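Open the model in your viewer and keep the selection tool at hand. The tour goes from one selection to the next and says what is there.

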Amino acid sequence: MSWLNKENGFFEINKLSKARTPFLFISSFDGEHIFTKALVDLDDDIFYKLEDWRNYPVKKRTEEFTFSKSPVDFKIYKKTLDAVLEEIRSGNTYLLNLTFKTPVESNFTLKEIFTYARAKFKLYFKDQFICFSPERFVEITGDTIATYPMKGTIDANLPHAKKSILADEKEMAEHVMIVDLMRNDLGIIGSEVKVEKFRYVEKIKAGKKELLQVSSKITAKLPFDWKDNLGTLLKQILPAGSISGTPKKSTVNIINRVEDYDRGFYTGVFGVFDGETLRSGVMIRFIEQENDRLFYKSGGGITIDSNAKSEYEELIDKIYLPF
């Protein structure tokens, strides 16, 4: 599989969008590896779903599934978290999305997990990786770009869960920082930036649990010729703020130092341009195949108020199959 590098990848996106050719694009977390192809030429082992856009048939799951996870030891997690907190105390980051890779096992193949998973944004790529993400990255309709950063998760079955997550000061601080970062990002490529909805709550299915997730909606107006420069616009706002942190550049440098693995396409973005509009998702809830073993990548936002035990539990809670 030949991935394009950053320069050629975003150039190819520009070329396809300028020609108004419908296409799929996939970008790694660091933007250094990009896949993009016209939908008419798309390989038959790549499947996507972006809300009601999809290129594969719906199938009902009829058999039982098994799923087990072997998370990182708490001591190792805490040591890494402490290194992040030290960076926060030194003023090098205010919010950092810390992630780990967890070995998982299932009787289902990657393709079966993808097919049966319930999520707004899904991608299956050549039996290498899948994601079933609840998080949009950006959507563009007309000349309006909208982004929906998602920060804040709680078990929906806890007493007063919605009230509790909205009143949580640590979660509030984290959400405000990400909204601010995404406002700035949209301000780089557009004008009239507005926070249209602040901290609304959605319920998502997380295996046997239900989770509440807190999101906001931010919009901006794009230049009238945005379709001629879509790759250039995307390059300016990647990586997504919600899965890196703030300030973005120094936070990404810290992530590269403290995480003990390469994120690859996890926390990258993928999207489809249909010739007129763009939809895209952040690649979270992500499983990768390596040498016949499956690894699930997950994490959460760390701020000065983070509690090691609850952050560790959130990392584990996010390892699930949404059936």
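Start with strand E18, which gives six residues to the lining of the largest cavity, the most of any element. E18 covers residues 293-302, and the other elements that give two or more residues to this lining are strand E11 (150-155) and helix H5 (169-189). Bear in mind that this is a predicted model.

Next, select Lys-151, Ile-284, Arg-285, Gly-299 and Lys-318: of the 23 lining residues, these lie nearest the centre of the largest cavity. The volume of this cavity is about 200 Å³. Its lining is made up of nine charged, nine polar and five nonpolar residues.

The structure has four cavities of 30 Å³ or more.

Now go to strand E16, residues 278-282. Is this strand mostly covered or mostly open? Four of the five residues in E16 are buried.

Select the partners of E16 in turn. Strand E15 (residues 269-273) runs antiparallel to E16, with five bridges between them; look for Phe-270 opposite Gly-281. Four residues separate E15 and E16 in a hairpin, and Gly-275 in the turn has a positive phi of about 105°.

Finish with strand E9 (residues 136-141), which is antiparallel to E16 and joined to it by three bridges. In this pairing, Glu-139 of E9 faces Arg-279 of E16.

Conventions
Residues numbered from 1 in each chain as written. Predicted model: local features only at pLDDT ≥ 70, side-chain atom pairs only at ≥ 80, totals over all residues. Heavy atoms only, no water. Buried < 20%, exposed > 50% of the residue type's maximum accessible area, 1.4 Å probe, protein only. Pairing = 2+ DSSP bridges. 1 Å grid on protein atoms, 1.4 Å probe; cavity = no way out; pocket = protein on both sides within 12 Å on 5 of 7 lines; lining within 4 Å. Points joined across faces, edges and corners; volume = space filled by probe spheres on them. Nonpolar A, V, L, I, M, F, W, Y, C, P; charged D, E, K, R; others polar.
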